[in-house]
Amino acid sequence: MRIDVITIFPEYLAPLHVSLVGKAVARGVLDVHVHDLRRWTHDRHATVDDTPYGGGPGMVMKTGPWGEALDEVIADGYETGARLPRLVVPTPSGRPFTQEHAAELSAQPWLIFIPARYEGIDRRVVDEYATRLPVHEISIGDYVLAGGEAPVLVIVEAVARLLPGVLGNAESHRDDSFAPGPMASLLEGPVYTKPPEWRGRTVPDVLLSGHHGKIARWRRDEALRRTAAHRPDLIERCDPAAFDRKDRELLAALGWRPGPGGHYVKNEKGEDGAA
Ligand code: 6GU
């Protein structure tokens, strides 16, 4: 997969050469190109922003440098044999980034990221390229960052670990929180490793029992408890048919019951099922 990032802070993307993503680059699974947007300015001050039409606070990134940068990067990619790129625009007003989104992007041959600073990029840039390329406007959560560079790091890491040969063990994504499949939309429970006792704290006996059926059940219970506590919205969204009898018993003990539409809802009274 080829990845281009056009930014006024190329040094912010240095982590793309570290750890899992860095190894994917080193192994040639990922071909990363980081570009300084100011290369495509022509004035002495290398200006990339200007005051907003209609007034308001802050500055808006100008069309000119983005247009020249994108034209050149797209032409270069095509010359080197890459196929139709997707344009990824990190913005707090984008669609919320999900694991599904990461999987969709990981199937693409080429992604071009255009992280903005200031109040964002003149809208005409995205409108123009949207006539030629699929565009993904993506938000990484309900909070505001100073720029899109950190979101690029987040999105690239989520995508890169799904590429074939990047994680050592293909099984590693099977139990991911948010992985598609029967465990869909449950958070992962706690994990333990050696030593068996640390500061008087022991590992749950069941994990040392060697009883695979009991271990799987314990993990499922922990996943349900954690999801109910941290992400009740995920429990509400679960297809109730995905819950087995043990799941239903645990959910009932945690104060959940099937609602009018069949999906689980938390009991009004009592946090622990004592309605
Ligand atoms: Cl993608 N960009 C910025 N600036 N802030 C954000 C974001 C993106 N996602 C959440 N907050």
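Q: Which residue in E6 stands opposite Leu87?
A: Strands here are DSSP runs (E, at least two residues; helices are H or I, at least four), numbered from the N terminus. The facing residue belongs to E6, and Leu87 stands opposite Ile112.

Q: How many bridges join E5 to strand E6?
A: This is a predicted model: local features need pLDDT of at least 70, side-chain atom pairs count only at pLDDT 80 or more, and totals for chains, interfaces and linings use all residues. Residues are numbered from 1 along each chain as its sequence is written, and side-chain values use heavy atoms, with hydrogens and water left out. Two strands pair if DSSP finds at least two bridges between them. E5 and E6 (residues 110-113) run parallel, and the bridges that join them number three.

Q: What is the order of the strands in the open sheet?
A: The sheet has five strands, with parallel pairing. Strand E2 (31-36) and E7 each have a single partner strand, so one side of each is left without a neighbour in the sheet.

Q: At about what angle does helix H2 run to E1?
A: Axes are lines fitted to C-alpha atoms, for helices over the stretch in contact (heavy atoms within 4.5 Å). Angles run from 0 to 180 degrees between N-to-C directions. Helix H2 (residues 63-79) lies across strand E1 (2-7), E2, E5 and E6. Its angle to E1 is about 165 degrees.

Q: Which strands does helix H5 touch?
A: Helix H5 (residues 149-160) packs on the sheet. Its direction makes about 165 degrees with that of E6. The strands touched are E1, E5, E6 and E7.

Q: Which element gives the most to the shell around the ligand?
A: The shell includes Pro90, Thr91, Pro92, Ile138 and Ser139. Strand E5 (86-96) and strand E7 (135-139) each give two or more residues. With three residues, the top contributor is E5.

Q: How many charged residues does the shell around the ligand have?
A: By class, the shell has seven nonpolar and four polar residues. The number of charged residues is none.

Q: Which peptide bond is cis?
A: Look in the loop between H5 and strand E8 (197-198), where Pro195 lies. Omega is near 5 degrees for the bond from Lys194 to Pro195.

Technical notes:
Near = heavy atom within 4 Å. Nonpolar A, V, L, I, M, F, W, Y, C, P; charged D, E, K, R; others polar.
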